[in-house]
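These are my notebook entries on a structure that was new to me. I set down what I looked up, entry by entry.

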Amino acid sequence: MIFNVHCYAVLKSNAQIDTNNVFHLCSGGNINSSTYLSNLNLVMSSLTNSFNKTIVRNGYYNNTIGRNPYAAYGSYQCIGDITLEQCRDNVDLAAKEILRRCPNFEEAIIKYKELTVLKYFARSFFSIMRDKPSFTLPNVDFVTSPGEFNPTFDNLMENILTEVASHSVSSSSCPTNKNLYASGSIEVMPSQKIYGMAQCTSVLSVKDCTQCLRGEIHDIRKRFRGRVIGGVIC
């Protein structure tokens, strides 16, 4: 049983993407400015090239190209336990795929498995807690023992939330170097475990991260109570 939460795509760049594990959301209306489109292409290129010239801290990077009202903002956040090389390959793939899946859209988010979330917007979103746009990752299968599952799930989510907060507090003196990520598992019964993961983008404050995760965990409780797999991406 697996649950994951994000408040923020591992393949080689020449590999074929597994379309069954890609989740994307196009929003913000159609692009009607050639200047913005040019800036968007440049900011996406900067994300894929960031590993060549920048220290990528905890799998996070953002950049802005252009000036308002035509500025393009982009970022990515890789999951906390993959290597920098895996993160780079994943970002390269996600950047290509998001432009293919969301052509001529002002804003978009893409996620591959639980590994990377990549976003671009027509307005600044760095260091700002946002719960929209978001999309859910449902699963149609239900657990066989909800009486044991539900309270155990609640305990696991609280444990993970506490661990995320402890990571952020330990490095709060360096706000650009926070690894706001935790994962864990808990046994429901001898033959069953629940696995969970939660992560915020590294530039969020401790307060905003905790608030966001609590909101998304609450959302998971409502939408996926008793489900085998579920998650929320924002």
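**Entry 1**

I began with Arg101, which forms a salt bridge with Glu97, the closest N and O atoms being 2.7 Å apart. I note at once that the model is a predicted one. Both Arg101 and Glu97 belong to helix α2, where they sit four residues apart, about one turn of the helix.

I then looked up how accessible the two partners are. Arg101 has a relative accessibility of 19%; the cut-off for buried is under 20%, and Arg101 therefore counts as buried. Glu97 is buried as well, with a relative accessible area of 8%.

I next turned to Asp92 and Lys96, whose side chains meet in a salt bridge at 2.7 Å, N to O. Helix α2 spans residues 84-101, and because Asp92 and Lys96 are four residues apart in this helix, about one helical turn separates them. For Asp92 I found a relative accessible area of 18%, so Asp92 is buried.

**Entry 1: A salt bridge between two helices**

I asked where the partners Arg214 and Glu158 lie. Their side chains meet in a salt bridge at 3.2 Å, N to O. Arg214 is in helix α4 (residues 206-224) and Glu158 is in helix α3 (residues 146-170), so this pair ties together parts that are 56 residues apart in sequence.

Are these two residues buried or partly exposed? Arg214 is partly exposed, with a relative accessible area of 45%. Glu158, at 30% relative accessibility, also counts as partly exposed.

I also recorded a network: salt bridges that share partners join Glu97, Arg100 and Arg101. A search of the whole structure gave me five salt bridges.

**Entry 2: Disulfides**

How many disulfides does the structure hold? I found three.

I took Cys26 and Cys102 to begin with; a disulfide joins them, with an S to S distance of 2.0 Å. This pair links distant parts of the chain, 76 residues apart: Cys26 is in strand β2 (residues 22-30), and Cys102 is in the loop between α2 and β5 (105-112). The torsion about their S-S bond is about -80 degrees, and the disulfide is therefore left-handed. Cys26 counts as partly exposed at 22% relative accessibility, whereas Cys102 counts as buried at 2%.

I went on to Cys78 and Cys87, which are joined by a disulfide with S to S 2.0 Å. The link of Cys78 and Cys87 is right-handed, with 80 degrees about the S-S bond. Both Cys78 and Cys87 are buried.

I then examined the disulfide of Cys200 and Cys209, for which the S to S distance is 2.3 Å. With a torsion of about 90 degrees about the S-S bond of Cys200 and Cys209, this disulfide is right-handed. Cys200 is buried, with a relative accessible area of 1%, and Cys209 is buried, with 2%.

In which sense do strands β3 and β4 pair? Strand β3 (residues 60-65) and strand β4 (residues 72-78) pair in the antiparallel sense, over six bridges. For Tyr61, I found the bridge partner in β4 to be Tyr76. Six residues lie between the strands of this hairpin, and in it Gly66 takes a positive phi near 95 degrees.

Tyr70 has a relative accessible area of 38% and is partly exposed. Setting aside neighbours within four places in sequence, I listed the contacts of Tyr70 as Ser33, Thr35, Tyr36, Asn39 and Ile65. I also looked up Arg123: Tyr70 and Arg123 are 53 residues apart in sequence, and 8.9 Å separates them in space, C-alpha to C-alpha.

**Entry 3: The protein as a whole**

The protein contains four helices and 10 strands. Along the sequence I read the pattern β-β-α-β-β-α-β-β-β-α-β-β-α-β.

What share of the residues counts as buried? Of the 234 residues, 48% do. The accessible surface comes to about 10,900 Å², and carbon and sulfur atoms account for 50% of this surface.

Methods: Residues numbered from 1 in each chain as written. Predicted model: local features only at pLDDT ≥ 70, side-chain atom pairs only at ≥ 80, totals over all residues. Heavy atoms only, no water. Pairing = 2+ DSSP bridges. Buried < 20%, exposed > 50% of the residue type's maximum accessible area, 1.4 Å probe, protein only. Areas by Shrake-Rupley, 256 points an atom, 1.4 Å probe, with all protein chains shown as cover. Salt bridge = Lys/Arg side-chain N within 4 Å of Asp/Glu carboxyl O. Contact = heavy atoms within 4.5 Å. Disulfide = S-S within 2.5 Å.
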